[in-house]
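Reader: Could you show me how to read strand pairing and charged contacts in a structure file?
Author: Let us take them in turn, with the general idea before the particular case.

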Amino acid sequence: MESVLALRGLVLLRDSVEWEGRSLLKALIKKAALGGEQVHILGCEVSEEEFRAGFDSSINSRLVYYDLFRDPLNWAQTGEALPGGPLGALQAMCERTDPGPVTVALDSLSWLLLRLPCAALCQALCAMSRQHACRGGGPAAGQLCVLGLLHRELHGPGPMGALSSLAQTEVTLSGTAGQASAHILCRRPRQRPTLETLWFSVLPDLSLDLQGGPPLESQPHPDPHTPQVDPASHLTFNLHLSKREREAKDSLTLPFQFSSEKQQALLRPGPGPATSRIFYEPDAFDDLDPEDPDGDLDV
Amino acid sequence: MAAVATCGTGAGSTGSVVAAGSKNNVTSFQRRGPRASGSDSSYSRLVSIAGTRPSVRNGQLLVSTGLPALDQLLGGGLAVGTVLLIEEDKYNIYSSLLFKYFLAEGIINGHTLLVASAKEDPADILQELPAPLLDDNVKKDFDEDACNHKTAESNIKMKIAWRYQLLPKMEAGPVSSSRFGHYYDASKKMPQELIEASKWHGFFFPEKSSSTLNIEPCSLTHGYIKLLQFIQNIIYEEGFDGSNPQKKQKNILRIGIQNLGSPLWGDDICCMENGNSHSLTKFLYVLRGLLRNSLSACMITMPTHLIQNKAIISRVTNLSDTVVGLESFIGSERETNPLYKDYHGLIHIRQIPRLNNLIYDVSDVKDLAFKLKRKLFTIERLHLPPDLSDTVSRSSKQDLAEPSKLLGPGCGVMAGGKKHLDF
């Protein structure tokens with residue numbers, strides 16, 4: 001479980017209206033800060049005070065915060081805002097990081113996705129990890145972690161699919177009966193992706209409390225192994241008989257079996273509708289020879 | 001039947017030994033090899049390019065895709081001057097493997113490589129290529145054994161099961177190390193000296209782009225323009241289009257483009273439905289023109305599962321020559337289906353080109369599945385598993401008789417009734 005939480009590369013936290021992800025984002029930031037990494041935060045959706053609430057002062061002093069919430073379009077012209085808009089802010093963040101393990105938190109990626117062209121945002125995200133690796137000199141995979149908060153309901157399948165294909169880890173938040181769960185999909189470069197589900201809760205001091213399984217009073221956990229698909233189920237011929245069909249099959253007599261019922265039926269004079277008759281009215285042109293009704297004698 | 005001939009002569013023969021003497025021939029039509037005096041000098045020159053051979057069907061020059069099984073399905077190989085489009089699987093595991101096989105085949109044959117990517121540095125891609133299975137001593141022993149078995153049993157084979165010889169042979173394992181089509185070990189990396197001895201050009205889009213924000217509508221995206229210019233420069237400077245007649249040794253340029261159409265190239269067809277929908281199609285059109293005029297072959301992998309507008313996918317298919325789709329079972333409900341439990345995914349051959357030909361060279365096997373074993377990537381026919389359960393009961397003639405009784409004796413129509421019967 002701890003290996004799953006050692007998140008590197010681009011990590012998407014996909015939350016929804018019912019299960020919000022900002023608390024999980026803050027919990028991961030706290031974990032990274034306590035682990036000695038540099039933490040840079042791009043705040044766009046909530047104010048700085050609201051975001052910093054909940055962190056204690058030692059962690060707060062370690063967080064480097066870039067504020068795009070108060071004045072995103074730089075109308076106040078104070079000169080301390082980052083140039084180039086949100087994209088410039090991303091690039092500046094990247095330049096200001098020192099080599100070493102870094103966690104960058106984007107709160108939120110949805111805000112950026114709604115204001116920037118998707119392709120440009122994808123390129124900027126890839127460039128961040130690459131430039132950090134160049135500067136750090138170490139392998140790209142181990143150094144930079146970009147946590148992006150993404151609101152599922154805001155975007156269509158196109159941008160979500162594009163970002164998913166770039167992300168190394170996708171954490172989808174959902175839950176049942178008051179207990180939040182995270183479905184974590186890890187894509188490693190040349191291996192099969194792994195899917196894991198963690199049940200967790202975020203405590204008031206922003207530490208992460210992982211539970212082993214779903215809460216007891218919830219609905220029974222759905223069977224993790226989907227029932228085996230029966231290959232004989234959607235055929236055009238029937239391999240399995242129902243009970244009624246089986247009874248009908250057993251009670252049937254074969255057409256060429258001579259049973260006693262058949263014998264009685266043959267001996268009895270047959271009822272009218274069982275036989276068919278041909279009714280023919282000869283017209284004026286017919287010339288029926290009574291000795292040769294078929295007309296096939298060559299006379 | 002001609003398709004069988006292709007398969008029969010495929011594995012062991014190169015262009016110059018196609019003539020009589022090859023014991024795999026099942027057809028009486030044989031291509032005359034080049035005479036000693038060189039009657040057709042251009043023909044002999046084309047044949048002498050390493051790693052190519054003329055197609056048995058239409059004389060087109062073919063290169064191997066790196067997977068001999070895929071070569072068989074495509075009618076012998078990839079024709080020089082055409083585009084092979086691979087529709088990526090969802091997590092881009094198997095399509096990147098096919099991409100690497102293509103590049104590795106180029107290195108083994110001594111072709112020049114051009115690797116273009118927007119996600120990974122081409123130098124890193126080349127470090128990850130699979131190692132070739134080139135153990136010649138082992139191969140010779142294997143071939144000898146195969147020959148002995150064949151001569152001993154050939155008479156018996158003819159009498160008992162001679163029809164089986166007519167089935168197309170799907171080679172599932174390393175049979176021979178020929179000059180066309182090599183096998184690779186996916187668990188090992190290609191030795192460094194082979195990579196360094198090869199000639200390659202890399203195009204890594206983030207390094208070549210100057211500005212990333214200008215996207216003009218209805219024209220080629222910035223990334224595509226740069227890539228086309230790069231390809232054109234390489235083709236012209238290295239003389240692949242015949243512009244430098246002093247070069248006496250011709251070679252093939254293998255172009256590999258990874259993840260074309262993804263947002264990292266600056267193209268937003270994966271993100272939006274009404275994006276810059278003509279950029280990708282224009283790129284493919286111009287690329288086809290560049291390729292037809294030069295001795296080059298191109299493999300493109302494209303994440304078509306991300307493209308939102310389905311009309312674009314059909315346009316892209318029309319503009320490419322050969323289209324192969326990969327569908328992996330990871331994460332889908334087919335993973336638990338017992339039909340597919342031996343395989344990792346399906347291969348769909350969506351399009352085969354009709355080059356200098358009136359008919360398509362389509363293989364008659366349509367249900368193909370692939371499996372990535374530890375060392376090899378195999379493509380096999382999809383077989384239904386045998387149904388060995390006890391609960392299966394076959395429908396008997398009594399079920400047929402019942403509905404026919406209901407319909408009346410005068411009715412000659414087959415029982416349509418309440419049973420879903422079909423013969």
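Predicted model: local features only at pLDDT ≥ 70, side-chain atom pairs only at ≥ 80, totals over all residues.

Reader: In what order do the 3 strands of the open sheet in chain B lie?

Author: Strands of a sheet pair through backbone hydrogen bonds, and they do so either parallel or antiparallel. Here the open sheet of chain B has the order E1-E2-E3, with antiparallel pairing. Its edge strands, each of which pairs on one side only, are E1 (52–54) and E3 (78–79) of chain B. Between E1(B) and E2(B), residues 61–63, there are 3 bridges, and Thr52(B) stands opposite Val63(B) of E2(B).

Reader: How many salt bridges does the structure hold over all chains?

Author: Side chains of opposite charge can pair when their charged atoms come close. Over all chains the structure holds 14 salt bridges. One of them joins Glu45(A) to Arg22(A), with 2.6 Å from N to O; because Glu45(A) lies in the loop between strand E2 and helix H3 of chain A and Arg22(A) in helix H2 of chain A, the pair ties together parts 23 residues apart in sequence.

Reader: Is Arg22(A) buried or exposed?

Author: Arg22(A) is buried, at a relative accessible area of 19%, whereas Glu45(A), at 24%, counts as partly exposed. Arg22(A) also forms a salt bridge with Asp107(A), at 3.0 Å from N to O; since Asp107(A) belongs to strand E4 of chain A and Arg22(A) to helix H2 of chain A, this pair links parts that are 85 residues apart in sequence. Asp107(A) is buried, as is Arg22(A).

Terms used. Residues numbered from 1 in each chain as written. Chains lettered and ligands numbered in written order. Heavy atoms only, no water. Pairing = 2+ DSSP bridges. Helix = DSSP H or I, 4+ residues; strand = E, 2+ residues; numbered from the N terminus. Salt bridge = Lys/Arg side-chain N within 4 Å of Asp/Glu carboxyl O. Buried < 20%, exposed > 50% of the residue type's maximum accessible area, 1.4 Å probe, protein only.
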